Amino acid sequence: MGLPKAEETAMRNLPSVSLEEARQIITGGERKAQEIGQPVNIAVVDAGGNLVAHARMDGAWIGSVDISINKAFTARAFDISTGELAGNAQPGAQFFGIHVSNKGRVMVFAGGIPLQHEGQVVGAVGVSGGTGEQDQAIAEAAVAAFRPSR
């Protein structure tokens, strides 16, 4: 028995959104939220679904802090927007009941979108505090502000 070779124990490095990129994403979302007059919570998670950054705009609901983080988690966990997932999570649909998985963290309404770079998911953004349409529009603006630094 010997020690494993270095190449057998090396950790796999996944491309992931950085803190600087997460701040840019949040800024893009905040601009859209201000434009439409809806304060929200905006969360960005990395490739592993872990929180990188979060902002709660002045006046945004406290109850939406957790929802925004979980929308981002959901979008990364399943590599699909939460709005799209919602369509497949209705009674009779293929993913009905998915919202109770992952200790209740799965959100099945609009506002969570995966972040991609060179065809690979590197994180996700989640927005909560407005209507589903508002959250989705703000999340889309946040994604549009994503400028990968690699």
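In the hairpin formed by strands β3 and β4, 2 residues lie between the strands, and glutamate 118 takes a positive phi near 50°. Helices (H or I, at least four residues) and strands (E, at least two) are DSSP runs, numbered from the N terminus. The structure is a predicted model, in which local features need pLDDT of at least 70, side-chain atom pairs count only at pLDDT 80 or more, and totals for chains, interfaces and linings use all residues. Residues are numbered from 1 along each chain as its sequence is written, and side-chain values use heavy atoms, with hydrogens and water left out.

Strand β3 covers residues 112–117 and pairs with β4 (residues 120–128) in the antiparallel sense over 6 bridges; pairing requires that DSSP finds at least two bridges between two strands. Within this arrangement, isoleucine 113 stands opposite valine 125 of β4. Of the 6 residues in β3, 5 are buried, that is, under 20% relative accessible area with a 1.4 Å probe and protein chains only (exposed is over 50%, partly exposed in between).

Helix α3 comprises 15 residues (64–78) and reaches 21 Å from its first C-alpha to its last, close to the 21 Å expected at 1.5 Å a residue, where the expected span is 1.5 Å times one less than the number of residues. Its buried residues include Ile69, Ala72, Phe73 and Ala75. The buried residues of α3 pack against β1 (41–46), β2 (51–56), α4 (82–87), β3, β4 and α5 (132–144), contact being heavy atoms within 4.5 Å. Aspartate 79, which follows α3, has a positive phi near 50°.

Arginine 105 lies over the face of phenylalanine 73, at 3.8 Å from the ring centre; a charge sits over a ring if NZ of Lys or CZ of Arg is within 6 Å of the ring centre and within 35 degrees of the ring normal.
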